[in-house]
Amino acid sequence: MEKEDTDLIGETGLQRKSDVIVIGAGAAGMMAAIRAGKRGRSVVVLDHARAPGEKIRISGGGRCNFTNIHAGPKNFLSANPHFCKSALARFTPADFIAMVERHGIAWHEKTLGQLFCDDSAKDIIRMLLDEMCAAGAALDLDTEITGVERTDAGFRISTGQGAYEASSLIVATGGKSIPKMGATGFAYRLAEQFGLAVLETRPALVPLTLDPGLLASIAPLAGISAPAEIRHGKTAFREALLFTHRGLSGPAILQISSYWREGDEIVLAIEPDIDIAAQLKAAKQLNGRQSAQTALGEILPKRLAQFLVEREKISGNMADLPDKTLLSLAASVQNFAIKPSGSEGYRTAEVTLGGIDTAALDSRSMEAKAVPGLYFIGECVDVTGWLGGYNFQWAWASGFAAGECA
Ligand code: FDA
């Protein structure tokens, strides 16, 4: 197909006409632009930020956990768990790794299939910009969108710099997390403008907070990290748990936060791979004169051991403690029920749960069923990944799917 990309500013207030406009130069938007451009479509990407891919830059502690080799539909939450299957199957972690390797970016697997850049997340942004350039996609930053209208030929986007027109419009403006970084509810408002349903949104992959009384009681634990299994109903994650000045954090808590709802209890099983009861019994045999706190302090961080022993109101030498008491101490370590009061919200949430109802979208192309030419991709769609590179894999895969069709 011939590229049609005309600059007409000054004549009709029209800044540019292209085949495809992508709003949002984040992970999903850049991938969609690359794919559409490679198919010969003329593409313009618009973003209100001064720099593209800001979330990529800060992701993974500055090293970008850009995918997960185990990524599959089971790692995503959505009202329709089948929706993500098609896109994920057509652009896989191996496809993204191949792109990373073509650009000579060194990477490593950290843990649980999570792939990170050896050097910097900026390498991923540079790669995407190079790919966009090779695909002929233009990027207009610092561009405030003031309106979107449907026209006979497609869509007209009004901006502070004039209007843009295209036959296809891909919306990739992300979710509401980290408003300080320019996150807006733009995609949701636009979806509603075009009559698409938007499911309730909530912060996810977010630290959980505790009510003041509980927080005061666990205040001495702030800063302690331990391996844990965190359970919510039938869902469980085994990763690190971190006690903080605000409540609970660490990867295991962020994971469970996507499942937790206000009023629910979660259960912390600290050091789930250790048979605490057996170790306490052995310690009693070996050195009956030591305290329970000292014995437990051999297994857990000392402040945590002290907290749990005091919470169970246990005192005296190990030799004087019946096995029943040791069993209940072990249970308190590995069956520690706690009721969070809330979460830290969008201020620190890595992603937004919920969003544009997948029932309104075609799962192969991400196109709105009722509005031909309009596509929604990435985090704004009701598909939310676990922590560990899954959310970027969804951004790449949904971006590729839309870029293939727009
Ligand atoms: P994304 O938010 O990346 O991009 C949206 C773009 O749209 C932005 O450039 C924004 O400026 C623009 N925009 C928004 N509103 C607009 C408007 N009104 N007009 C014009 N432009 C607008 N995931 C993962 O897999 N591995 C990881 O290591 C991490 N790490 C991580 C750390 C932190 C601190 C956060 C906050 C998040 C992560 N994530 C992550 C999640 C990941 O960053 C997220 O899932 C993707 O960036 C989503 O990609 P999108 O392209 O959908 O939105």
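Author: Start with one term: pLDDT is the predictor's confidence in each residue, from 0 to 100. Helices (H or I, at least four residues) and strands (E, at least two) are DSSP runs, numbered from the N terminus. This is a predicted model, where local features need pLDDT of at least 70, side-chain atom pairs count only at pLDDT 80 or more, and totals for chains, interfaces and linings use all residues. Residues are numbered from 1 along each chain as its sequence is written, and side-chain values use heavy atoms, with hydrogens and water left out.

Reader: Which elements have the lowest and highest mean pLDDT?
Author: Strand β1 (residues 6–7) has the lowest, at 48. Strand β21 (residues 374–376) has the highest, at 99.

Reader: What about residues 1–11?
Author: Their pLDDT is below 50. Beyond near neighbours in sequence, the stretch has 27 contacts in the model (heavy atoms within 4.5 Å). Where pLDDT is low, the predicted coordinates should not be read in detail.

Reader: And the mean pLDDT of the chain, what is that?
Author: It is 95, and 97% of the residues reach 70 or more.

Reader: New topic. How many residues surround the ligand?
Author: 30 residues do (a heavy atom within 4 Å). Among the closest are Asp-47, Thr-184 and Glu-379.

Reader: What kinds of residues are in that shell?
Author: 13 are nonpolar, 13 polar and four charged. Here Ala, Val, Leu, Ile, Met, Phe, Trp, Tyr, Cys and Pro count as nonpolar, Asp, Glu, Lys and Arg as charged, and the others, Gly among them, as polar.

Reader: Which element gives the most to the shell?
Author: That is α13, with three residues.

Reader: Where does the backbone of Asn-65 come in?
Author: A backbone N or O atom of Asn-65 lies 2.9 Å from a nitrogen atom of the ligand. For Ala-27, a polar backbone atom is 3.2 Å from a ligand oxygen.

Reader: Why is the pair of Phe-76 and Tyr-390 edge-to-face?
Author: Because the planes stand at 90°, with the ring centres 6.3 Å apart. Phe-76 lies in strand β5 (residues 76–77) and Tyr-390 in helix α13, so the pair ties together parts 314 residues apart in sequence.

How values were computed. A polar contact is a pair of N or O atoms within 3.5 Å; within protein, one must be able to donate a hydrogen and the other to accept it, and residues adjacent in sequence count only if both atoms are side-chain atoms. Rings of Phe, Tyr and Trp (its six-membered ring) pair if their centres lie within 6.5 Å; planes under 30 degrees apart count as stacked, over 60 as edge-to-face and the rest as tilted.
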